[in-house]
Amino acid sequence: LFSGSCGSRNVFFGVAPQKGLCVTAAGTVVHGKLEGGKRVVKGMRSFEEIPHTGRNGWLNLLKFWRENRFQQLHKHMERTFNTLGPIYREKLGTLSSVNIMLPSDVSELFKSEGLLPRRMTLQPWAIHREIRNHSKGIFLKNGEEWRADRLQLNKEVMMSAAVKRFLPLLDEVAKDFCQMLQTRMEKEGRGEKGKCVLTIDPSPDLFRFALEASCHVLYGERIGLFSSSPSLESQKFIWAVERMLTTTPPLLYLPPRLLLRMGAPLWTQHATAWDHIFSHAEARIQRGYQRLSTSLGRASPAGTAGGQYTGVLGQLMEKGQLSLDLIKANITELMAGGVDTTAVPLQFALFELGRNPEVQESVRQQVRASWAQAGGDPYKALQGAPLLKGTIKEVLRLYPVGITVQRYPVRDIVLQNYHIPAGTLVQACIYPMGRSEKVFEDPLRFDPSRWSREEGQRVEAAGFRSLAFGFGARQCVGRRIAENEMQLLLMHILLSFHLSVPSSEDLNTTVTLILQPETPPRITLSKL
């Protein structure tokens, strides 16, 4: 992946190589020297010389609010790269960062992340935990404490053995979702029986699907969101997650403790949303704990009760490697982070498949063949349908859930021939990367097969072109749940329905803490 040839990576991405800079796979400087432990490269430019959007962070922040740039941060980044080039500095309020977008630069960043990678801490979330005396989950931890907890969680949510345990639960929810759509089509669809079509805004249903699927995997229980009258409590939870996501970005650039002392409405809304998320999760965790306690007397394999898989919560409780407080903290974070982050990409996926009928049909044909050969085994069915995985990667290339991935390098590095000191917040901006002609051929074309083609050829810094779930030891801990949840739902939808869209115009998008459509796309379903 990491070539030692001078300038070749930058030429590949359409950027002229900087004379005198050549970094090998080990990160040593060929045309340079070390002075005082720092890397010195002939012709290297200083940190201060990196192009920037303005030196006064508070004026920049004021401009952001006046021009409503928080909601269009992804477009702001794209425009800024087009204006200033592939690297720039930005200061907003109290937050300073260096922003990059080329995979070759991202590879250098991740090579310098160290054994204990750090990404930007969401201070509003951390302060909420502190003032409410809640333990922090791995999302908010760093250092050895983070690593110890992460290794325990990986066993239950990332390893292939764990995936095989929870896949049937996700498959069950996906099938039930499609059955719910079939029933709705029979009641509300237009046209003759057997040829009904149904046009819907799928977003409320997809949010319910994501919460139902998450709870089934985390707690080992169904919560009944596909009934004709889903619980008000679950609807409130979805609302609380959306409110938490909406209020987070503005709080990142202001001193949260000052807002707390002032009783600012923005902080109050944020804290209230988190309080509701925690109380909802606490109730479900208590029920899971009681169920598990009553089943412990039965002889059963680890992670099961009476022969039944008890979900991630049951696995963690039975193994006893994490305290109950840490289990609660991490389960709550997984639950809060597992609704919008899968429901929203599924909206984009249905839209793109609907407006690209040829792509839709090629994915469907592969899914049909794989499903027939798998004999009902969801794991085998997904293994035989690489275009399905490519569909998710393509959706997340064009519409990444989080628009940046951040790291603080543990040593000085050189990016675009600029010196970046250790400890600098560096953001890999994945929305502009995914839509750049310097990185992807015909970037605005929705083409899931591009990922299959890449596997058979050497593509420069290929591992850093798909970063929607992050990278390495600090990648999204819920990645395997989310990927399989989305793939299984799309698989069953494609086996049951043909998708089309009333309008194929590009979707306008906005950023809360995640990227989402300004208006959810309408989707037309017809029975196959």
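Which residue in S11 is the bridge partner of Val405? The views below come from a predicted model, and the second of them returns to this pairing.

**View 1. The whole protein chain, as a setting for the close-ups.**
In this predicted model, the protein chain contains 20 helices and 15 strands. Of its 528 residues, 55% count as buried. When contacts between residues at least 6 apart in sequence are considered, 72% of them join residues that are at least 24 apart.

**View 2. An open sheet of 4 strands, with the order S3-S4-S11-S8.**
The pairing in this sheet is mixed, and its edge strands, each of which pairs on one side only, are S3 (87–92) and S8 (404–407). From one strand to the next, the twist averages 30 degrees. Strands of a sheet pair through backbone hydrogen bonds, and they may do so in a parallel or an antiparallel way. S3 and strand S4 (residues 95–100) are joined in the antiparallel sense over 6 bridges, and here Arg89 stands opposite Val98 in S4. S4 and S11, by contrast, run parallel and are joined by 3 bridges, with Gln427 in S11 as the bridge partner of Asn99. S8 and S11 run antiparallel, joined by 4 bridges; the bridge partner of Val405 in S11 is Ala428, which settles the opening question, while the bridge partner of Arg407 in S11 is Val426.

**View 3. The two faces of strands S11 and S8.**

Helix H3 (residues 73–84) lies across S3, S4, S8 and strand S11 (426–429), and it runs at about 130 degrees to S3. His76 lies in this helix, H3. Is His76 buried or exposed? Its relative accessible area is 4%, and because buried means under 20%, His76 counts as buried. If residues up to four places away in sequence are not counted, His76 touches Phe64, Arg69, Tyr88 and Glu90.

**View 4. Ala271 in helix H11.**
Ala271 has its place in helix H11 (residues 265–295), and with 3% relative accessibility Ala271 counts as buried. Leaving aside neighbours within four places in sequence, Ala271 is in contact with His128 and Arg132. The C-alpha atom of Ala271 is separated by 8.5 Å from that of Trp125, although the two residues are 146 residues apart along the chain.

**View 5. The packing of helix H17 against helix H20.**
Two packed helices are described by the angle between their axes and by the distance between those axes. For helix H17 (residues 386–398) and helix H20 (residues 479–496), the angle is about 115 degrees and the axes are 10 Å apart. H17 passes H20 in a right-handed crossing. On the side of H17 the contact is made by Leu388, Lys389, Thr391 and Ile392, and on the side of H20 by Met486, Gln487, Leu490, Met491 and Leu494. Sorted by class, the contact of H17 with H20 has 6 nonpolar, 2 polar and 1 charged residues.

**View 6. An open sheet of 3 strands, with the order S5-S15-S12.**
The pairing in this sheet is antiparallel, and its edge strands, S5 (197–200) and S12 (497–500), each pair on one side only. With direction ignored, neighbouring strands of this sheet are turned by 25 degrees against each other on average. S5 and strand S15 (residues 523–527) pair over 4 bridges in the antiparallel sense, and Thr199 stands opposite Thr524 in S15. Helix H14 (residues 340–355) lies across S12 and S15 and runs at about 85 degrees to S12. H20 also lies across S12 and S15, running at about 100 degrees to S12.

A disulfide is a covalent bond between the sulfur atoms of two cysteines. When a disulfide is taken as a pair of cysteine sulfur atoms within 2.5 Å, the count comes to 0 disulfides.

How values were computed
Residues are numbered from 1 along each chain as its sequence is written. This is a predicted model: local features need pLDDT of at least 70, side-chain atom pairs count only at pLDDT 80 or more; totals for chains, interfaces and linings use all residues. Side-chain values use heavy atoms; hydrogens and water are left out. Axes are lines fitted to C-alpha atoms, for helices over the stretch in contact, and angles run from 0 to 180 degrees between N-to-C directions. A crossing is left-handed if the near helix is turned anticlockwise from the far one by less than a right angle, and right-handed if clockwise. Contact means heavy atoms within 4.5 Å. Ala, Val, Leu, Ile, Met, Phe, Trp, Tyr, Cys and Pro count as nonpolar, Asp, Glu, Lys and Arg as charged, and the others, Gly among them, as polar. Two strands pair if DSSP finds at least two bridges between them. Buried means under 20% relative accessible area, exposed over 50%, partly exposed in between (1.4 Å probe, protein chains only).
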